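Subject: Structure handover

Dear colleague,

Here is the structure we spoke about. My notes on it follow below.

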Amino acid sequence: MIQNQRAKRSWSARLVLLIPYLWLALFFLAPFLIVLKISLSQTAIAQPPYVPVLEWAAGWAGLKAFFAALSADNYAMLGSDWLYPVSYLKSLEVAALSTAILLAVGYPLAYGIARSPRRLQPVLVMLVILPFWTSFLIRVYAWINILQRDGLLNDVLLRLHIVDTPVAWLSSDTAIYIGMVYSYLPFMVLPLYAALEKMDESLLEAAADLGCPRGRAFWLVTLPLSLPGVAAGMLLCFIPIAGEFVIPDLLGGSQTVMIGQTLWMEFFANKDWPVASAIAVALLGLLLVPMLFYERMQQRSLEGGR
Amino acid sequence: MAEAATQEQTAGDRPLVRFAGVAKRFGQITAVEEFTLDIGEGEFFALLGPSGCGKTTLLRMLAGFETPSAGSILLDGEDIVAVPPHRRPVNMMFQNYALFPHLSVAGNIAFGLRQERAGRAEIAERVAEMLALVRMPDFGRRRIDQLSGGQRQRVALARALIKRPRVLLLDEPMAALDKKLRAETQFELMELQRRLGTTFVIVTHDQDEAMTVADRIAVMDRGRLAQVAAPSEIYERPNSRWVADFIGEVTLLEGMLAEGAIETVLGRFRAAMPAGGRKRDTVWLALRPEKLHIAAQRPADGNLNAIPGTVFEIGYRGDMSIYKVRLADRSLMKVALANTSARGRASFGIDDVVWLSWPPEAGWVLTR
Ligand SMILES: Nc1ncnc2c1ncn2[C@@H]1O[C@H](COP(=O)(O)OP(=O)(O)O)[C@@H](O)[C@H]1O
Ligand SMILES: [Mg+2]
């Protein structure tokens, strides 16, 4: 009886453990395999717009013919046309620089929140999340309004006599960076705040007690202890920014093309699903690098410092 | 407790630490008030008092984490109130140890020396020395979360001692240890203190701990100093009912002071006159349970004070039994009886009529 119950419990416990795997298989692995498959196909004027299409009715022979028709040509194409490497590089550049700015802005912000009175902290965190209450698209359109020629920003600058002719903010890299930093700031601040908030205040007192002035204690104690938050925040910003489409499309100029825009163009304008899929798969491979880096860092911190 | 220190019951002419009229207020709360105290060089000093009486606040003011609202704190004769914590030659062992989780054991211990920009070789040597001192020579590379509570406590101790502070501050250093380990650690601390000769100031709410380790104890009551003296002095000659009651078990009999005696509703008991006590003053006779004798008959010796009562309750504690005896005025008096015979429990039962007796010098008269 007891044995039976225990067996039942462990069975249900295992089922609970299976849920994330099922989820990932259903909503990540399966779509990924489909995209991977399309990326190995050729574009065609058909429905769907690529060949080969798997014919279940043809049986074993059909399967063999299907695999024979797959090719890596699209990937070779990504390397041959300068458009693709350039947009990849641009994406990585924008993602890296935006993440750096986000860290520079987000760390002091998170630090300030974590050091403010306990009562106030939930309110401040709430304020950081507040922009999420309006749609992302609407917020980006609002930035168009602010940054355009007769927009709010130029208005203020003109009135303060900082500039005497309106500045062309919109359709520039500056506008992209403004949009990125604005939109992704919560993703940087929240993990940093979580790391800084759980830090024991008495550690700083211990450092001071051992002869370490407050400024230096930041570098010796606070910063090292917040590194997991730094890594998480950078990852949470870098990866989606690298694939970002809306912000560069709406705020950026035509001279800047990020990979997300190239992908959109291939998919919607050129109707070239296979190339679009190859772009997506290659991007995923590219973003695996920082992921693995983060993984290794976590491993190291689990094994312990010096 | 060192023999020399038992005799020398003051901090000497030139105290190492002096609190002069120190007060500390947090908004409406007064944590420490009119606090004046000297601590001598090389003393093992305990700040003892119930939870919330301001012990930690006092220690934090000495370490530099709190600024007194009034008064001054002198170290070696110099006012240190304006000196920031990182420049005070004082180190603290924190109540929760506050070890750096991102550093190894050796990294934690070396932290203080690194701030002094000591050389690599010197750091390595002194870290090894400290690890040996706390008997953890092979633990240098361990992570903090791989240590037991007792080991963390030792690492915290080593980290605080490596800079050879003038005063080592210990805030409830044994609160997180279990009883057995606590007793061992107390003796280790005493041994360490004697060997290093460093002045130790320990904060504790545990009177047994303070009595065991300290040369002198300052008993605190709601932010004020109640009494400062050697442990035996505090136990045998408390200066107030509050101290007598806080330290150990005691029965207090209220009465009126007479010539060489005190008159109570239960009779007249002979006792030594308190200093400064005048006849007809209201006073209290403090009697420690272990100083009383319990017997079935009234003792023959007329010199002894004696009082009859009935056994109300017996608490068996292994090494001794505590009897609560109900007196004529229905108050209870506690008597301790050592269980020296193997059969343990002594031969009195509940409701037995007994006589309690004590020689006049066993009682202590309190005037407040
Ligand atoms: N930072 C602070 N802010 C407000 N009140 C405090 C602060 N620190 C201590 N207190 C108060 O001062 C009193 C003494 O505290 P503390 O020194 O920690 O006592 P102990 O260490 O003897 O238990 C307590 O009433 C406590 O609530
Ligand atoms: Mg305390």
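How many salt bridges does the rule count over all chains? The count comes to 28, a salt bridge being a side-chain nitrogen of Lys or Arg within 4 Å of a carboxyl oxygen of Asp or Glu.

This is a predicted model, in which local features need pLDDT of at least 70 and side-chain atom pairs count only at pLDDT 80 or more, while totals for chains, interfaces and linings use all residues. Residues are numbered from 1 along each chain as its sequence is written, chains are lettered from A and ligands numbered from 1 in the order in which they are written, and side-chain values use heavy atoms, with hydrogens and water left out.

Chain B overall

Chain B has 9 helices and 20 strands; these are DSSP runs numbered from the N terminus (helices H or I, at least four residues; strands E, at least two). Its C-alpha trace spans about 75 × 50 × 40 Å along the principal axes. Of its 368 residues, 51% count as buried (buried is under 20% relative accessible area, exposed over 50%, partly exposed in between, with a 1.4 Å probe and protein chains only). Among contacts (heavy atoms within 4.5 Å) in chain B between residues at least 6 apart in sequence, 66% join residues at least 24 apart.

Salt bridges within chain B

Arg216(B) and Glu43(B) form a salt bridge, with their closest N and O atoms 2.5 Å apart. Arg216(B) belongs to strand E9 (residues 216-221) and Glu43(B) to the loop between strand E2 (29-39) and strand E3 (44-48), so the pair ties together parts 173 residues apart in sequence. Arg216(B) is buried at 4% relative accessible area, and Glu43(B) is buried at 7%.

Two further pairs lie within helices. Glu122(B) and Arg126(B) pair at 2.9 Å; they are 4 residues apart in helix H4 (residues 120-133), and therefore separated by about one helical turn. Here Glu122(B) is partly exposed at 36%, whereas Arg126(B) is buried at 9%. Glu191(B) and Arg195(B) pair at 3.7 Å, also 4 residues apart, in helix H6 (residues 179-196). Glu191(B) is partly exposed at 43% and Arg195(B) is exposed at 53%.

The interface with chain A

In chain B, 25 residues are in contact with 23 residues of chain A. The two chains bury about 2,100 Å² between them, 56% of it on carbon and sulfur atoms; buried area is the accessible area (1.4 Å probe) that two parts lose on being put together, summed over both. On the chain B side, His86(B), His102(B) and Gln115(B) lose the most area to chain A, together 27% of what that side buries.

The rule finds 1 salt bridge across this interface. Arg60(B) and Glu205(A) meet in a salt bridge through their side chains, at 2.7 Å from N to O. Helix H2 (55-63), strand E6 (90-93) and helix H3 (105-115) of chain B each supply at least two residues of the side that touches chain A. H3(B) gives the most to that side, with 4 residues.

One buried residue

Met61(B) is in helix H2 of chain B and is buried, at 1% relative accessibility. Beyond its neighbours within four places in sequence, its contacts include Val22(B), Val32(B), Ile73(B) and Arg88(B). Ala23(B) is 38 residues from Met61(B) in sequence and 10.0 Å from it in space, C-alpha to C-alpha.

Best regards
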